[in-house]
Amino acid sequence: MEIEVKYHKDDAILRLSGDILGDDRIMLNEKIQELADRGSKGIVLNLKAVGLMDSVGLGMIVACHTSLARRQIRLVLSDVGKSVKYLLTITKLAPVFELYDTEDDALATLQS
């Protein structure tokens, strides 16, 4: 998995590529926490280039969502592909997240 970080005003965008499996969750968790500690008000996880995500990766994203919410930081998902959307659906976790079709839609919501 690779992570590209972009900034838009007080928000951060993480463009992920590759698969989110096993130990990838550690790197992703560290990056999300680093952005939160730097003062990001919202974080967009752009999943457009993510092929697969296992339950460990999904569990980490759920944990990050919860810990960020306690700090009043929003974590939203954009460009969710079919396999990740399927995982969210079968685990019944889709309603937990704010899902947006595009990164621009996610950013617009964070800015409002």
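## Salt bridges

Welcome! This structure holds 8 salt bridges, and the model you are looking at is a predicted one. Glu103 is buried, at a relative accessible area of 10%, while Arg15 is partly exposed, at 30%. Both take part in a network of salt bridges that also links Glu4 and Lys6.

Two other salt bridges are worth a visit. Within helix α1, Glu34 and Lys31 sit 3 residues apart, about one turn of the helix, and their closest N and O atoms are 3.6 Å apart. Asp23 pairs with Arg25, also at 3.6 Å from N to O; here Asp23 is exposed and Arg25 partly exposed.

## A buried asparagine

Now find Asn46 in strand β3 (residues 42-53). Its relative accessibility is 7%, under the 20% cut-off, so Asn46 counts as buried. The Asn46 side chain makes a polar contact of 3.3 Å with the side chain of Asp79.

In soluble globular proteins, nonpolar side chains tend to be buried together. The largest nonpolar core here has 26 residues, and Leu28, Leu45 and Leu47 touch the most other members. Elements supplying at least two residues each include β2, α1 and β3. A second, separate core has 7 residues, including Val44, Val76, Tyr100 and Leu107.

Methods: Residues are numbered from 1 along each chain as its sequence is written. This is a predicted model: local features need pLDDT of at least 70, side-chain atom pairs count only at pLDDT 80 or more; totals for chains, interfaces and linings use all residues. Side-chain values use heavy atoms; hydrogens and water are left out. Helices (H or I, at least four residues) and strands (E, at least two) are DSSP runs, numbered from the N terminus. Buried means under 20% relative accessible area, exposed over 50%, partly exposed in between (1.4 Å probe, protein chains only). A polar contact is a pair of N or O atoms within 3.5 Å; within protein, one must be able to donate a hydrogen and the other to accept it, and residues adjacent in sequence count only if both atoms are side-chain atoms. A nonpolar core is a set of buried Ala, Val, Leu, Ile, Met, Phe, Trp, Tyr and Cys residues joined through side-chain atoms within 4.5 Å. A salt bridge is a side-chain nitrogen of Lys or Arg within 4 Å of a carboxyl oxygen of Asp or Glu.
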